[in-house]
Amino acid sequence: MAALNDNQPPWYSESAPRPLPRRAFPRLRFDPGRRGVAAMIVLSISAVLVSECMVQCDRPEPHSVPALPQPHQPGGTAAREPGGGPPAQIARTVAAPQELIVSVVGLVQHPGLVHVAAGARVTDALAAAGGPVAGADLLSLNLAQRLSDGDQILLGAAAAAATGVASSVNSGSAGGGSRPAAPSGPVNLNTATEQQLDALPGVGPATAAAIVAWRRSNGRFTDLDQLREIQGIGPAKLARLRPLVKV
Amino acid sequence: MTAPEQHLDVRLVPAVCCCWAVAIVGLSTSWPVCLAAAAVLLAVALLARRVDTAHSPVHVGNTARRGVGVRRCGVAVSGALLLASGFSVSVAVREHALAAHPLAQLGDGARVTVTVVLTDDPKPVRQRGHNREAIVTGALASVYHGGNRIDGGGRVRLLVPGAGWLGLIPGQRVRAHAVLGHPRSHDFTVALLRVTEPPELIGPAPWWQRVAGAVRHRFAQITNRALWPDEAGLLPALVIGDMSAEPDRVTADFGAAGLTHLTAVSGENLSIFVSVVERLAGAAALGRRMKIMAVLLAIGTFVVLARPSPSVLRAAVMGVVPMLALATGRTRQALPALCGAVLVLLVLFPALALDRGFALSVAATAGLVVLASDWEERLKARRWPAKLAEAVAVAFAAFVTTEPLVAAFSGRLSPISIVTNCAVHITIWGITVVGLIAAALTWVWTPAAVAAVHFTALPLWWLLFVAHLSAKLPAVSVPSGFVGAVVGATVASIGLLAARRR
């Protein structure tokens, strides 16, 4: 006997003899047959393909960029080729213009302003200035130190190293180079020593060590906002340090 | 001598169960385990095929009269296991991509700057003094760390302060400084980012999100004007899933009364909405094509209004697919349609396998499809009023299938939820329909919207009253987890047998 369904007219259910209710448990139809199994195989292969597609669409692409996007920055140079693997192994680019102007004064052949390539070191600047004259103190100088635009290299006398003028590299608009004193201008994050960083207000020895460690593992600072990545520097501290440091 | 409609088409059910189990195992463990499981499943499937062909050299297509035999089982099992094996490979692919993500290798505590596109509203989590913390999910656009940028790559969850974050809408692109953490839940999020300051907004959100946000905001304003505070917080939650104004007390009451499924955006809201639109289109004597267009437009509007988050989308699929099958009279295709929908959703979002809301909605819809129409007809055959029969059948079917899960998740067993669900069933339809009309009229003709909202005051009061009363009644508390599931299943099957005996 056919079961009641919605197409029956309303009076039917009222007057017709009531059919027996359906079986207590309906018959189950669970055999998909050969076609069903084939359909399931197709579905399972397409599941793998769909997953692969979705993973590829969402794949992370590492880049190395010149700087964090800021409105006042000049348009960044083109990003380098993305490397595979973890980001720590990707080469860094340098944001600064291709050429640096460095002041080399003291006991060199041709003291004055020299142009060196970006990423050059102290030894390159000394060579560009004609090299040190005899008696120049090279011991106090880190010849491998990288330069930034506007640095001054002062080459003093070796004999007077202990008491008089010793060689030093001062960054930016620091005052006279007669002593390797702390510069009175903003501290260059990339060249400052741990003591100079420690001397900043709000920065203690642990934070200074963290900054140096960041420098060692990640290369140069290219933007002040990268200080946020240092443990111990929050937004308030960064706001306080902003006029006191530079990159 | 049983007609074809008497059959319950469970051909896809073993496949769904196997795939779900595989997804749970795969999400909780790592990708080599998934690949091993895929190999094991494939081997067992091939063995089952061999059993099948060994027992019947000629495989005839099934008819309704074949009994259960070993070879039938073999085919069904092998099909299900083959599907589960492929599914396991797909889960392994995703798990591997997650494990190989650069963020996973950066380590805990790394400080990064992230650009994220929000995919959901920020949801308040807890209150710490004056600061409300919120949690929000987003799609990662880029990560800056140590002078490097990583573009794209997956979902993240952000733990954010309330200030500056609580008003944001999905689709908004933000940049924030965050501390990296391990993702705490197994749902394919790459990282849990802790943020302590307001975000920097990059560009406006897409226009459709802004429109939806404006409509929700205005609707909330109208209900605040027209209703008492408790009802005013409840109406947007019931109609479009906007739970931002729902008082905590009401949420707790609903949870205790077993009525939480009302406020979670579920297929029920959408199916009510769609059926109303369909009837209106039928009353306006639109052609079949225009009717389908109207229904699709209605679905699209609802999804945008209720926020196109993954939970709304899966609720939409859950609600629409079986409803369409039932409404077009193809009752025996409703269960395969549900199984197919679940399979497609699991393939696209395997993380749903561990989602409690998804499990509950699948269970409730399965109960509805398998049990409810049968029982409704039995009750009508006993001269019960049609609406009451429908209410009781639906509530009881949902109880039977979801109570084991609810007992396992929350450790509370409340048979009284059947009564509460029946008591409010009749009001839900009215509230949802009138509420949706009011939401639609919000920008068009505000006084009419306010008037419509006034009509919902009495049903809402009844709903709150029932919820509050049943929350006061003691419920049996069981240990949550597996034991709770067993106890809940026992209670449910006792109820099932008792119902069948009548």
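In chain A, 41% of the contacts (heavy atoms within 4.5 Å) between residues at least 6 apart in sequence join residues at least 24 apart. The model is a predicted one, in which local features need pLDDT of at least 70, side-chain atom pairs count only at pLDDT 80 or more, and totals for chains, interfaces and linings use all residues. Residues are numbered from 1 along each chain as its sequence is written, chains are lettered from A and ligands numbered from 1 in the order in which they are written, and side-chain values use heavy atoms, with hydrogens and water left out.

Chain A contains six helices and eight strands, taken as DSSP runs (H or I, at least four residues, for helices; E, at least two, for strands) and numbered from the N terminus. Their order from the N terminus is α-β-α-β-β-β-α-β-β-β-α-α-α-β. Of its 247 residues, 33% are buried, that is, under 20% relative accessible area with a 1.4 Å probe, protein chains only. The accessible surface of chain A (Shrake-Rupley method, 1.4 Å probe) is about 13900 Å², and carbon and sulfur atoms account for 59% of this area.

In chain B, the axes of helix α1 (residues 13-28) and helix α12 (residues 334-348) come within 9 Å and cross at roughly 25°; axes are lines fitted to C-alpha atoms over the stretch in contact, with angles from 0 to 180 degrees between N-to-C directions. α1(B) is therefore roughly parallel to α12(B), the cut-off being under 35 degrees. On the α1(B) side, B:Val13, B:Val16, B:Cys19 and B:Trp20 meet B:Leu335, B:Cys339, B:Val342, B:Leu343 and B:Leu346 of α12(B). The residues of this contact comprise nine nonpolar, no polar and no charged, where Ala, Val, Leu, Ile, Met, Phe, Trp, Tyr, Cys and Pro count as nonpolar, Asp, Glu, Lys and Arg as charged, and the others, Gly among them, as polar.

Technical notes:
Angles under 35 degrees count as roughly parallel, over 145 as roughly antiparallel, 65 to 115 as roughly perpendicular and the rest as oblique. Buried means under 20% relative accessible area, exposed over 50%, partly exposed in between (1.4 Å probe, protein chains only).
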